[in-house]
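Colleague: I have not seen this structure before. Please show me the sequence and the model, and then let us go through them together.

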Amino acid sequence: MNRKQTIVLSNDFHNGKDIVTLKFDYDQELISVLKTNTGARWSRGHRFWYLPKEEFNLRKVFNVLKPIAFLD
């Protein structure tokens, strides 16, 4: 049985913009769903996934990820 990942959301600042970070342990399925359905981007320097705050929609992110992850 696969356990759901927990994704920790937080506000941050990246490349001069307000962002929402999504931090979680590596999971290729989760990454694929995240990229395809939310437009999240990867920061190699900071090693987290993020969305610009003006593009972040909690309801959409929650609905997309609830089958495979918990949001914290």
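Colleague: How many bridges join strand β3 to β4?
Modeller: This is a predicted model, in which local features need pLDDT of at least 70 and side-chain atom pairs count only at pLDDT 80 or more, while totals for chains, interfaces and linings use all residues. Residues are numbered from 1 along each chain as its sequence is written, and side-chain values use heavy atoms, with hydrogens and water left out. Strands are DSSP runs of E with at least two residues, helices are runs of H or I with at least four, and both are numbered from the N terminus; two strands pair if DSSP finds at least two bridges between them. Strand β3 (residues 41-43) runs antiparallel to β4, and the number of bridges is three.

Colleague: Which residue of β4 is the bridge partner of Trp42?
Modeller: The hairpin of β3 and β4 has four residues between the strands, and Arg47 takes a positive phi near 60° there. In β4, the partner of Trp42 is Trp49.

Colleague: How many of the residues of strand β4 are buried?
Modeller: Buried means under 20% relative accessible area, exposed over 50% and partly exposed in between, with a 1.4 Å probe and protein chains only. Phe48, Tyr50 and Pro52 are buried on one side of β4, and Trp49 and Leu51 on the other. Strand β4 (residues 48-52) is therefore largely enclosed by the rest of the structure, the buried count being five of five.

Colleague: Which residue in the turn between β1 and β2 has a positive phi?
Modeller: Seven bridges join strand β1 (residues 5-14) to β2 in an antiparallel arrangement, and His14 stands opposite Lys17 in β2. The hairpin has two residues between its strands, and the one with a positive phi, of about 55°, is Asn15.

Colleague: At what angle do helices α1 and α2 pack?
Modeller: Axes are lines fitted to C-alpha atoms, for helices over the stretch in contact, and angles run from 0 to 180 degrees between N-to-C directions. Helix α1 (residues 28-38) and helix α2 (residues 58-65) have their axes 10 Å apart, and the angle is about 140°.
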